[in-house]
Amino acid sequence: MAKTLIIGACGQIGSELSAKLREKHGKDNIIASDIREGSEDIMNAGPFEVLDATDFHALQDTILHYDIDTVYLMAAMLSGTAEKFPMKAWQLNMDTLFNVLNLAKENKISKVFWPSSIAVFGPTTPKMDTPQQTVMEPSTVYGISKQAGERWCEYYFKRYGVDVRSIRYPGLISYKTPPGGGTTDYAIEIFHSAAKGEKYTSFLSEETALPMMYMDDAIKATIQLMEADADDVKVRSSYNLGGISFTPKVLADAIRKEIPDFEIDYEPDFRQPIADSWPSKIDDAEAQKDWNWQHEYDLEAMVSAMLKGVKSLK
Ligand code: AKB
């Protein structure tokens, strides 16, 4: 069986993706890696490598050593942190992508997954039902790196035949591994406060609507896209992925259906202008048409899964 390398396997998406792929393909076929050691759950559940994917030779050595066929490049600096360290974010987000694309170009791997984001859109993009192809003038470092990355993915596909596939993730909501420095992180923090019986102070204003998705749906979409026939993958920049759309106020009201005395207040910070520049709701008709995408979790199902999950951590 061909082997798969996950870069950024200890992160929010990487950890759940590693677990799902190990369950599906057998633990020895999935090599998890990250820049540093992570939780025992990931490191002891199958092969694990400490790997800096900005180092081309270290990455190449790992790929040749394990005879890797497919790479999921999940390492990235997210929007909030990237605004604090612009050059570091650009370097991490772009160098890792070029390293992986160049190894694919040299036929050392045959398939690549690279995550893009709703951050590729900007203040001039239509906010409602944002189409696959539209105005894209991102105003954040993270968004600029993702938009450039999308252009490079498409270029490598057209020019060199690299089989690279990508999704523009909305804000992803999960409880198993904490997120790292995103603008949509409020939608996770809120559950931890609610489950502890604490008031939550949101760093986004009550009316800020953003596209979001429960992690199980995001993992399902990622694997479905990677398993699709190459001919069906028509978009080689990155696919829009919709999911659910809500504001902090709507989310707090949904939590109150299960925890009636839950309290929230609002103190918008530097992440508010980032959120204001992003779409409120995404149209994912192309993903539906090309590889039969359909999300499962609506707001109610997501809230109930999150509260159950967060409580189980205690
Ligand atoms: C972030 O908030 O930076 C990420 C994203 C939407 O890509 N969750």
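**The sheet and its surroundings**

Guide: Let's start with helix α12 (residues 299-312), which lies across β7, β9 and β11 and runs at about 85 degrees to β11. Helices (H or I, at least four residues) and strands (E, at least two) are DSSP runs here, numbered from the N terminus. Axes are lines fitted to C-alpha atoms, for helices over the stretch in contact, and angles run from 0 to 180 degrees between N-to-C directions. Residues are numbered from 1 along each chain as its sequence is written. Keep in mind that this is a predicted model: local features need pLDDT of at least 70, side-chain atom pairs count only at pLDDT 80 or more, and totals for chains, interfaces and linings use all residues.

Now the sheet itself. Three strands make an open sheet in the order β7-β9-β11, with mixed pairing; two strands pair if DSSP finds at least two bridges between them. β7 (171-173) and β11 (244-246) are the edges, each with a single partner strand, so one side of each has no neighbour in the sheet. On average, neighbouring strands of this sheet are turned by 40 degrees against each other, direction ignored. β7 and strand β9 (residues 210-214) run parallel, joined by three bridges, and L172 stands opposite M213 in β9.

Next, look at helix α9 (residues 248-256), whose buried residues are P248, L251, A252 and I255. "Buried" means 20 or more other C-beta atoms within 10 Å of a residue's own, with C-beta atoms placed from the backbone. These four cover an arc of only 100 degrees around the axis, which puts them on the same side of α9; the arc is that of the directions from the helix axis to the C-beta atoms. An α-helix has 3.6 residues a turn, so residues three or four places apart point the same way. The cover over the buried residues of α9 includes β11 and α12, along with α7 (186-196), β8 (200-202) and β12 (264-266). Contact here means C-beta atoms, placed from the backbone, within 7 Å.

Terms used
Two residues are in contact if their C-beta atoms, placed from the backbone, lie within 7 Å. A residue is buried if 20 or more other C-beta atoms lie within 10 Å of its own, exposed if 12 or fewer, and partly exposed in between; C-beta atoms are placed from the backbone.
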